[in-house]
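Here is a short briefing on one protein chain. Look over the sequence and the model, then read on.

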Amino acid sequence: MKDFVYKLYRFSSSWTGTIIIVLFLIFFVAQSFVIPSGSMKRTLLIGDFLFAKKYSYGIPTPHLPWLEIPILPDFDGDGHLISGPRPQREDIVIFRYPQNEKIHFVKRCVAVGGDEIIYQDKRLYIHMHEGDEYIKSKYPMKKIKQINGKLWVENPYMDKYPGIQYTPEEANIFENLLGSIFEGRQVDVKPVYIQGLGGKNYYMGDNLINALYAKVPKDNFYMIGDNRDNSNDSRFWGPVPYRLIVGKPWVIWVSLEHRSYEHVLNGTIHGNGRDNAGLKRVCKDIDIHSKECEAKWNAQRYKIRWKRVGQFIDDLQLKQPIQ
């Protein structure tokens, strides 16, 4: 036994052994990711570096880091070496972007296979596939609404997770989706008119519209950012199949604000990423367009957000947002 332990120690101390052990951990246990966008703000912030558990939903087919090239075949066609539990409603999930599988996204799973979704501006209704009795047993009556003979839950997760918000930085995302449909661009939701639902009415040709509808296919998961008015998510490009599920965020190991003043004031060259709410938080009563605000922003840029370091995501999401 001592001889085996000594050989194991010698192997792990070598360059070859170190590389193999690190790759094993990345492939099967935990991997580091960084939050690149504000779609999960205020729960997760741009510049949060976190470890994700790779085994939460089975063992995904390993890919070479950075190159994102699979090193083994997808034997079962489900993207996993070992199939496992599926994401549940409310889970924050890391997955491969369906339109470019080399890119990782992180969003909250709001619905699973068989669930139905109705989306209006500032309102997300879910009809869980388990049915009306399940809904009545899980959610308070004040959040339940009867629509077309079935029960739906309005914004089912907002009371539990304080980071979920509707705070637009750009154009109204509901109208953005309607505009995409009108112009013939592919989105996942279809326009409908639901009698008695209320909300603002729109015309699309001769058709009256007041909501958008989707149904989640089997073994798929509907992912929407907590920053719901500023999130590129399943409403645009559809549900995420199980084969693209990677893991679950675990713990923040460092958090760093690195964006420039121009970035947070005006967004990127493509018009995305504007974060005037972040500027107002830093500059308080100072005009965000002023040199004084720019100086205050630059003074805190590249500083580590120590209050976020070491926070476990499962705990962090239940707290009032930590900046």
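In what order do the six strands of the open sheet run? The order is β9-β10-β8-β7-β14-β11, and the pairing is antiparallel. This is a predicted model. The points below cover the sheet, the nonpolar cores and the cysteines.

**Open sheet**
- The sheet has β9 (144–147) and β11 (190–192) as its edge strands, and each of them pairs on one side only.
- Neighbouring strands are turned against each other by 35 degrees on average, with direction ignored.
- P191 has L212 in β14 as its bridge partner.
- Helix α4 (residues 173–182) lies across β7 (116–120), β11 and β14. Helix α4 runs at about 75 degrees to β14.

**Nonpolar cores**
- The largest nonpolar core holds 45 residues. F95, L124, Y222, M223 and I245 have the most contacts inside this core.
- Strand β6 (residues 100–112) supplies the largest share of this core, five residues.
- A second core is separate and has 14 residues. Among them are A52, I92, V106 and I313.
- Leaving aside residues up to four places away in sequence, L124 touches V110, I117, I118, Y119, V153, E154, N155, P156, Y166, I224 and R228.

**Disulfide and cysteines**
- How many disulfides does a search of the whole structure find? The search finds one.
- C283 and C293 form a disulfide, with their sulfur atoms 2.0 Å apart.
- The pair links helix α7 (residues 276–283), which holds C283, to helix α8 (residues 291–300), which holds C293. The two cysteines are 10 residues apart.
- The torsion about the S-S bond of C283 and C293 is about 90 degrees, so this disulfide is right-handed.
- Why does C283 count as buried? Its relative accessibility is 2%, and buried means under 20%.
- C293 is also buried, because its relative accessible area is 0%.
- C109 counts as buried because its relative accessibility is 0%.

Terms used:
Residues numbered from 1 in each chain as written. Predicted model: local features only at pLDDT ≥ 70, side-chain atom pairs only at ≥ 80, totals over all residues. Heavy atoms only, no water. Core = buried A, V, L, I, M, F, W, Y, C linked by side-chain atoms within 4.5 Å. Buried < 20%, exposed > 50% of the residue type's maximum accessible area, 1.4 Å probe, protein only. Helix = DSSP H or I, 4+ residues; strand = E, 2+ residues; numbered from the N terminus. Contact = heavy atoms within 4.5 Å. Disulfide = S-S within 2.5 Å. Pairing = 2+ DSSP bridges. Axes fitted to C-alpha atoms, helices over the stretch in contact; angles between N-to-C directions.
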